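Me: I've got a structure open and I'd like to learn how to read it. Can you take me through some features one at a time?

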Amino acid sequence: MKKTVLVSGGAGFIGSHVTVELIGAGYDVVVADNFSNCDLTCFEGVKTITGRKDIPFVEMDFCDKTAVRKLFADHAIDAVIHFAAYKAVGESVSEPLMYYQNNLVSFMNVLEVARERGGCNVLFSSSATVYGEPSPDRLPVTEQSERQPATSPYGNTKQISEDVLRDCVKAYPGIKGIALRYFNPIGAHPSALIGELPRGVPNNLVPFITQTASGKRACLSIFGNDYPTPDGTCLRDYIDIVDLAKAHVCAVARMLDGKMKQEYEIFNIGTGRPLSVYELVTAFEKVNKLKLNYKFAPRRAGDVTAIWCDPTLANEELGWKAERTVEETLEAAWKWEKHLIEK
C-alpha cells in the first residue's frame with residue numbers, strides 16, 4: 001500500500017520540487033500552502049511534470065491549529081515534510097516577531113497534532129544557518145560541528161525548531177524526526193515548469209541574477225566585497241534544487257522503511273564545494289553567454305562570511321549525493337526565467 005506524505009508549504013520553491021520527486025518515487029502526496037510567498041504556478045507545473053492532475057491540495061495556514069487538525073483528520077498521513085516557514089534572513093532581522101510567530105507556531109502545531117493522533121514521521125526543513133558564523137579552522141562543518149549563536153532571527157527559529165523536534169521525539173514515542181540542514185538551494189527543474197518564484201522582491205541571490213539578466217531589474221547588488229575570502233565576497237555551498245529534493249525522498253524512505261539508527265537524526269545537505277557569490281555570478285554569465293549589470297553594495301545584516309558542509313554522513317547513511325554541476329543548475333535557472341517571460 002502506498003504511503004502518504006504531507007508537504008506543508010508544498011507550492012513553494014523547495015516544496016514543489018520535493019513533491020515531484022516524491023511522486024516519482026511512488027508516494028502519494030498531499031500539498032498544503034497559504035501562498036504567503038508563492039502562487040499556483042509551481043503547483044500547476046508539478047501536475048504537468050508528474051502527469052497527476054489529482055494531487056490533493058489544501059489552502060491553509062499552519063499557524064491555525066484547527067486547520068491542521070482537520071488536515072490530519074481528512075488524510076491518512078504517514079510522514080510530514082515541513083516547509084511552511086518564512087525564510088529571508090534580512091527580513092527576519094527587521095521583523096523578528098513575524099518570524100518567531102510563524103516559524104515556531106506552525107511547526108509546533110504540526111507536532112502537537114501528530115502527537116494527538118498517535119505520532120508521525122516528521123522531516124524538518126532546517127538550515128546551515130544553525131551553524132552561525134563558523135571560524136575558518138572549523139570548515140567544512142559536519143553534523144557534529146557546534147551550533148553557534150544564530151546571526152539572525154530566521155536562523156534562531158531553525159535552531160529552536162530543531163530543539164523542539166528533538167525534545168518531542170524523546171517525550172512522545174510515536175514521533176520520529178529527521179532534520180535536514182540545507183546549504184544554499186538554487187536552480188530549477190530541467191523542464192523549466194517549476195522554479196523559484198518569490199513574491200515581490202526576491203530574498204535569494206539567483207532570482208536577482210535571473211531577473212537582472214531578463215531586464216526585470218536594472219542592476220544586481222552583490223552585498224559586500226570586503227570579506228576575508230579570496231575575492232572579497234561571501235563563500236557558500238550552492239546545491240541544485242533537484243538534488244536537494246532527492247535528499248528528501250531518501251530521508252522519507254529511511255523513516256518509513258524503519259532504517260533510522262536513532263529516533264532523531266540530522267544530516268547536512270550540500271555539495272561540500274565552496275563557491276563565492278562573485279564566482280556564481282560570473283559562472284551564470286559564462287554558461288548562459290550573458291553579461292550582467294552588477295555592482296558591489298555594503299554588507300547585508302545577518303550574512304556570514306563563509307560556510308560549506310561536509311556531506312559525508314548524508315552520502316553514506318542516506319545513500320544520497322549531489323550530482324548536478326553548478327553549470328547545469330544555472331542553465332536551468334535561466335531557462336525557468338525565460339519560461340516566466342514567455343508566459
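This is a predicted model: local features need pLDDT of at least 70, side-chain atom pairs count only at pLDDT 80 or more; totals for chains, interfaces and linings use all residues.

Me: Which residues of H7 and H11 meet?

Reply: On the H7 side they are Val206, Thr210, Gln211, Ala213 and Ser214, and on the H11 side Leu330, Ala333, Trp334, Glu337 and Ile341. Contact here means heavy atoms within 4.5 Å. Helices are DSSP runs of H or I with at least four residues, strands are E runs with at least two, and both are numbered from the N terminus. By class, this contact of H7 with H11 has six nonpolar, three polar and one charged residues. (Nonpolar is Ala, Val, Leu, Ile, Met, Phe, Trp, Tyr, Cys and Pro; charged is Asp, Glu, Lys and Arg; the others, Gly among them, are polar.)

Residues are numbered from 1 along each chain as its sequence is written, and side-chain values use heavy atoms, leaving out hydrogens and water.

Me: At what angle do H7 and H11 pack?

Reply: Two packed helices are described by the angle between their axes and the distance between the axes. H7 (residues 205-214) and H11 (residues 326-342) pack at about 55°, with axes 10 Å apart. That makes H7 oblique to H11. Axes are lines fitted to C-alpha atoms, for helices over the stretch in contact, and angles run from 0 to 180 degrees between N-to-C directions. Under 35 degrees is roughly parallel, over 145 roughly antiparallel, 65 to 115 roughly perpendicular and the rest oblique. The crossing of H7 and H11 is right-handed (the near helix is turned clockwise from the far one by less than a right angle; anticlockwise is left-handed).

Me: And how do H9 and H11 pack?

Reply: H9 (residues 277-288) packs against H11 at about 75°, and their axes are 9 Å apart. H9 and H11 are therefore roughly perpendicular. Among the residues that meet are Leu280 and Phe284 in H9, and Leu330 and Trp334 in H11. This contact of H9 with H11 divides into seven nonpolar, one polar and two charged residues.

Me: What about H5 and H6?

Reply: H5 (residues 96-116) and H6 (residues 153-171) pack at about 20°, axes 10 Å apart. So H5 is roughly parallel to H6. Their crossing is right-handed, and the contact includes Tyr99 and Phe107 of H5 and Ile160 and Val164 of H6. Its residues are 13 nonpolar, four polar and no charged.

Me: Where does a charge sit over a ring?

Reply: Look for NZ of Lys or CZ of Arg within 6 Å of the ring centre and within 35 degrees of the ring normal. Arginine 299 has its charged end over the ring of tyrosine 227, 4.0 Å from the centre. Arginine 115 does this with tyrosine 172, at 5.3 Å.
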